[in-house]
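Trainee: I'd like to learn how to read salt bridges in a model. Can you walk me through it?

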Amino acid sequence: MGLRWTKLFLLLSLVLLVPLTAACRRGEATTHVRAELAAIEPDPPAVGPATLRFRLLDSTDGRPVTGLGTVEVEGTMSHAGMEPVITTAREEEDGIYVTEGFRFTMAGDWIVIVRGTRNGERFETRFELSGVRSSAGSPGHQHGTATP
């Protein structure tokens, strides 16, 4: 392969990679709402059904975000090849939301993305959940920082 074809190949590779890197940034906060994990069942988390309780807070004043009713929850991992888990969460008490039908499909570190509408504006925020185990009694396959 000549130098000309090598340059063309590198240029085309860069053009194709730019949209992929943009797609990998899912879950970045888009408004002044942040999410924090409050509790999880089972604890420690394991592959299978799970219940996530999380707080939605106004990131400017720290007050609970209330009155949203139901929000969308997406569970995903940082690596490619995993189908995301998408479900909903309902407000259980002021600013505390509980997932319905969430299921960890793989061991490792998860990213939980929460989407909803507040005051007529769409928001998206996320939190990380490390160390999901392959079963209730065994350590999971770890990616990056792990939480026991």
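Mentor: A salt bridge here is a side-chain nitrogen of Lys or Arg within 4 Å of a carboxyl oxygen of Asp or Glu. The general idea is that side chains of opposite charge can pair when their charged atoms come close. Keep in mind that this model is predicted.

Trainee: How many salt bridges does the structure hold?

Mentor: Nine. Take Glu41, which bridges to Arg53 with the closest N and O atoms 3.4 Å apart. Glu41 sits in strand E1 (residues 33–41) and Arg53 in strand E2 (residues 48–58), so this pair ties together parts that are twelve residues apart in sequence.

Trainee: Are those two side chains buried, partly exposed or exposed?

Mentor: Glu41 is partly exposed, at 47% relative accessible area. Arg53 also counts as partly exposed, at 22%.

Trainee: Which salt bridge does Arg53 form with Glu92, and how far apart are the closest N and O atoms?

Mentor: There the closest N and O atoms are 3.2 Å apart. Glu92 belongs to strand E4 (residues 85–93) while Arg53 is in strand E2, so the pair links parts 39 residues apart in sequence. Glu92 is partly exposed, with a relative accessible area of 35%.

Methods: Residues numbered from 1 in each chain as written. Predicted model: local features only at pLDDT ≥ 70, side-chain atom pairs only at ≥ 80, totals over all residues. Heavy atoms only, no water. Helix = DSSP H or I, 4+ residues; strand = E, 2+ residues; numbered from the N terminus. Buried < 20%, exposed > 50% of the residue type's maximum accessible area, 1.4 Å probe, protein only.
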